[in-house]
Structure formats: structure tokens, C-alpha cells
Amino acid sequence: MRLTVFGATGGVGGEAVRRALAAGHEVTPVVRDPARLDARGAGLEVVRSGLEASGELAGAVAGRDAVLSGLGASNKAQARTGLAERLTRTVLAAMEAAGTRRLVVVSAAPLAPPSRDTAFLDRAVLGMIDTLLKPVYEDLRAMERLLRESGTDWTPVRPPRLTDGPLTGAYRTAVDANPPKSRTISRANVAHAMLAAAADPSLAGHALGVAD
């Protein structure tokens, strides 16, 4: 695949770039500071951009099979500015201008509606996290609303607490829900799930819950 990755110097975005290169994909990371990009290899084409204007990004997403985004707030102060929503709006405008449709983004497990099968403890943990980090999740909810209103073939991947564990490929998934007992998942496994989702047209228009 030919892929563009936003948020490529972050934890999940960086893993996505490295996993994609290792799998033989052509990868275009869009970054503010190329010196912060921890990735090397054939098939890598770096684009430097501050993500302020969609016009300058259209070329970075044109002709791509999919766009992956690890964009989001790293703290409550950033989230209160609507960072994830604002940057995703720019990406969506660039994709619309370029005619690129497939988009996979990182979201979060607390955004999934609890199912009847969700254990009480899991409901309580997700509810507590949602309350403690309310600005972050409100920003992500606004971002997901943008996806639903867009003309893209979108999929938000919703992990629970992220770890720096290794890639195992043995994580669990659930469509439009969280897997039972969703507590943690490694960033490497989230990146792997995003790449798999990008190649799976059946996930377009659906959220994907993931957990180790």
C-alpha cells in the first residue's frame, strides 16, 4: 500500500511508520520536525508541514491507498483547544481535495458505548477514566463526529491504556465495541491494528475496539 501517516513522531504514529516500512509499504510521514522522526528505510518519503493549511497537505495524501492518523492531545490543556478535532478537520479537507478516501485514526476506548456484556468493573474503570480526562475525550468525540460527517471511508481505532510493550499480533478486536476486559494494549499492537484496518474495507464506517 501507499500510506500517509500524520502524527508520525508520536508513540502510535511512529510505530505505524516503522511497521508499515517493515511490511514493505510506501510511507509518507507528515511531520513538523523531520529530525524527530525515528524511522529509516526504503519507501520512506518525509513531508514537512505544520498542518495549518489543508492546501499544502493535498499533495501528501494524493494517490494514497490510505491515510493513518495518530494526531491527538497529549494532555488536558491541549485537548481544551480542540487539538484533535482541529487537526483532523485539516486532514479531512486535504483528503477531500485530493480525492483520497480511506482514513484510520487513533481514538480511545471510553468512546465506545458499553454493551450489556461489559462487566461492572470494566464499566466503572472506563467511566472513571472518562471523568478524569474529560477534555481529552470530549476532543476525541468531536473528532469522531467529523469523521461521521465526512465523505471518507473512516475507521477510528479505540485502544484502552497504551503501553510500550512489544508487537505480539495477539491483541483482541471488536467492531463498534470494546473487547471484554479492555485494560491495556501496546502502541506497537495498535499500529499493527491500524495497518490491518486500512486494508479491510469492511471496517469503513465502523469503529474498532482493540485490547491485548
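I take buried to mean under 20% relative accessible area, exposed over 50%, and partly exposed in between (1.4 Å probe, protein chains only). By that rule V30 is buried, since its relative accessible area is 3%.

Ground rules next. I am working on a predicted model, where local features need pLDDT of at least 70, side-chain atom pairs count only at pLDDT 80 or more, and totals for chains, interfaces and linings use all residues. Residues are numbered from 1 along each chain as its sequence is written, and side-chain values use heavy atoms, with hydrogens and water left out.

**V30.** I found V30 in strand β2 (residues 26-31); strands (E, at least two residues) and helices (H or I, at least four) are DSSP runs, numbered from the N terminus. What does V30 touch, leaving aside its neighbours within four places in sequence? I list T4, V5, F6, G7, A8, V47, S49, L51, L57 and A60, with contact meaning heavy atoms within 4.5 Å. I also checked V30 against V61: they are 31 residues apart in sequence and 9.6 Å apart in space, C-alpha to C-alpha.

**The sheet.** I count two strands as paired if DSSP finds at least two bridges between them. On that basis eight strands form an open sheet with mixed pairing, in the order β3-β2-β1-β4-β5-β6-β10-β8. β3 (47-48) and β8 (172-175) stand at the edges with a single partner strand each, so one side of each has no neighbour in the sheet.

I then went through some of the pairs. β1 and β2 are parallel over five bridges, and T4 stands opposite T28 in β2. Strand β1 (residues 2-6) also runs parallel to β4, joined by four bridges; L3 has A66 as its bridge partner in β4. Three bridges join β4 to strand β5 (residues 102-106), again parallel, and V67 has L103 as its partner in β5.

**β4.** Are the faces of strand β4 (residues 66-69) covered or open? Both are covered: A66 and L68 on one side are buried, and so are V67 and S69 on the other.

**Helices on the sheet.** I see α1 lying across β1, β2, β4 and β5, at about 160 degrees to β2. Helix α4 (residues 83-98) packs on the sheet too, touching β1, β4 and β5, and its direction makes about 170 degrees with that of β5. For these angles, axes are lines fitted to C-alpha atoms, for helices over the stretch in contact, and the angles run from 0 to 180 degrees between N-to-C directions.

**α1 and α7.** Helix α1 (residues 11-22) packs with helix α7 (residues 187-198) at about 60 degrees, axes 8 Å apart. That makes α1 oblique to α7 (under 35 degrees is roughly parallel, over 145 roughly antiparallel, 65 to 115 roughly perpendicular, and the rest oblique). Which residues meet here? From α1 I noted G11, V12, E15, A16, R19 and A20, and from α7 R187, A188, V190, A191, M194 and L195. By class, this contact has eight nonpolar, one polar and three charged residues (Ala, Val, Leu, Ile, Met, Phe, Trp, Tyr, Cys and Pro count as nonpolar, Asp, Glu, Lys and Arg as charged, the others, Gly among them, as polar).

**Positive phi.** I looked at the loop between β8 and β9 (184-186), where D176 sits. Phi of D176 is near 60 degrees, positive in a residue other than glycine, and D176 is partly exposed at 36% relative accessible area. K181 is in the loop between β8 and β9 as well, with phi near 55 degrees, also positive in a non-glycine residue. K181 is exposed, with a relative accessible area of 58%.
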